[in-house]
Amino acid sequence: LKWIEKIVARDGTKILTLTDIYRNGPTQIRQVDVARKIAGILVDHGYLAVIEGGALIEGKVCEAFRIL
């Protein structure tokens, strides 16, 4: 999960958006449906927690996860 650490290091937050996953994750998960599935697996395994209602990022509400 080094790619998640790189995203966190870049912006300094513990919030990961679905967009972060499919834009900055490994090449194999750079499609929104695949990224959503991977996020679900990471939630199931305790690496991420869903932020209910999303997170306000740059003026937009985005599907988001808190990194645990």
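Two exercises with worked solutions follow.

This is a predicted model, in which local features need pLDDT of at least 70 and side-chain atom pairs count only at pLDDT 80 or more, while totals for chains, interfaces and linings use all residues. Residues are numbered from 1 along each chain as its sequence is written, and side-chain values use heavy atoms, leaving out hydrogens and water.

**Exercise 1.** Describe the fold of the chain and how compact it is.

*Solution.* 
Step 1: Count the elements. The chain has 3 helices and 5 strands, where helices (H or I, at least four residues) and strands (E, at least two) are DSSP runs numbered from the N terminus.
Step 2: Along the sequence the pattern reads α-β-α-α-β-β-β-β.
Step 3: Check the radius of gyration, taken over C-alpha atoms. It is 11 Å, close to the 11 Å from the globule rule (2.2 Å times the number of residues to the power 0.38) for 68 residues, so the chain is as compact as a globular protein of that length.

**Exercise 2.** Which residues lie nearest the centre of the largest pocket, and which element gives the most to its lining?

*Solution.* 
Step 1: Find the lining (residues with an atom within 4 Å of a pocket point). It has 13 residues, with Thr17, Thr19, Asp20, Ile57 and Glu58 nearest the centre.
Step 2: Assign the elements. Two or more residues each come from α1 (2-11), β1 (15-17), α2 (18-24) and β4 (60-62). The most come from α2, with 4 residues.

Methods:
On a 1 Å grid over the protein atoms alone, a cavity is a set of points where a 1.4 Å probe fits but cannot get out, and a pocket is an open set with protein on both sides within 12 Å along at least five of seven lines; lining residues have an atom within 4 Å of a point.
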